[in-house]
Amino acid sequence: MNKRHYDSEETRSLIADKAARLFAQKGFAGTSIADISRESGCSKGHIYYHFENKEKLFVYLALETMRSWKERWEAVSVNYGTAVEKLHAMASFVHNNYKTPLLQAGQELGSNPATSPETVTKLRGLASTPMQAYYEIFKQGMETGEFDLREEELESTGFLFGTLLGGLCQYLYTMENEPLEALFQRSVTIFVHGICRKG
């Protein structure tokens, strides 16, 4: 394989695509670099050249997942004008986009004591993408007068909202879709009632 192909973005994408499928099917621990090499047709050397190690490859995939999440949310959010409408849309969006193919492998990796502290920090940092989206909605609501919030309350309000949605996400595997969606929407209604500007 020539140097140009070895370096290519096409090779990197191929490795990432095959690795994502394997992580989703077999988990993080159950997927080896040898498996990824076999599936992608790339040597182990290629994989290490592009990603250094299996943890860094997984972090790359997780970051790409969150980049895609952000892009999809931005495409959806333009269809809603008010902050309240955006919060209801966000609840549906989180409900329908929480279960990603890499979710369980990421939870496995993040909870393993052998995982490097750098990787754990990066995995925890993935939450900054949705948290920023929540913050922007609450900021819009503050600026338009929909919400009775002060600037210094925006971050904690976004954190509480994210925790609320995250708690409901734990029922994605055990509850029917329709009643769970109703709970997501009801939770927004209750949350908004507490922060809406009165009168």
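Helix 3 (residues 33-40) has its buried residues covered by a set of elements that includes helix 2 (9-26), helix 4 (44-51) and helix 5 (54-77), where contact means heavy atoms within 4.5 Å. Helices here are DSSP runs (H or I, at least four residues), numbered from the N terminus. The residues in question are Ile33, Asp35, Ile36, Ser37 and Ser40; buried means under 20% relative accessible area, exposed means over 50%, and partly exposed is whatever falls in between (1.4 Å probe, protein chains only). The model is a predicted one, with local features requiring pLDDT of at least 70 and side-chain atom pairs counted only at pLDDT 80 or more, while totals for chains, interfaces and linings use all residues. Residues are numbered from 1 along each chain as its sequence is written, and side-chain values use heavy atoms, with hydrogens and water left out.

Backbone angles come next. Most residues other than glycine have a negative phi. As for its place in the chain, Glu52 lies in the loop between helix 4 and helix 5.

Glu52 turns up again among the ion pairs, its side chain meeting that of Lys56 in a salt bridge at 3.1 Å, N to O. The cut-off for a salt bridge is a side-chain nitrogen of Lys or Arg within 4 Å of a carboxyl oxygen of Asp or Glu, and the structure holds 12 of them. Lys56 is partly exposed, at 30% relative accessible area. Asp35 counts as buried because its relative accessibility is 11%, whereas Lys26 is partly exposed at 41%.

Another pair, Glu143 and Lys139, has its closest N and O atoms 3.7 Å apart. These two are 4 residues apart in helix 9, so about one helical turn separates them. Glu143 is exposed, with a relative accessible area of 57%, and Lys139 is partly exposed at 28%. Elsewhere, shared partners tie Lys26, Asp35 and Arg38 into one salt-bridge network.

Helix 9 (residues 128-144) packs on helix 10 (residues 154-169) at about 125°, with axes 8 Å apart; axes are lines fitted to C-alpha atoms over the stretch in contact, and angles run from 0 to 180 degrees between N-to-C directions. The pair is therefore oblique, given that angles under 35 degrees count as roughly parallel, over 145 as roughly antiparallel, 65 to 115 as roughly perpendicular and the rest as oblique. The crossing is right-handed, which is to say that the near helix is turned clockwise from the far one by less than a right angle. On the helix 9 side, the contact residues are Met131, Tyr134, Tyr135, Phe138, Lys139 and Met142, and those on the helix 10 side include Leu154, Phe159, Phe161 and Leu165. By class, the contact has 9 nonpolar, 3 polar and 2 charged residues (Ala, Val, Leu, Ile, Met, Phe, Trp, Tyr, Cys and Pro are nonpolar, Asp, Glu, Lys and Arg charged, and the others, Gly among them, polar).

Helix 10 packs with helix 6 (residues 83-97) too, at about 35° and with axes 10 Å apart. Leu87, Met90, Ala91 and Val94 of helix 6 meet Phe161, Leu165 and Cys169 of helix 10. That contact has 7 nonpolar residues, no polar and no charged ones, and its crossing is right-handed.
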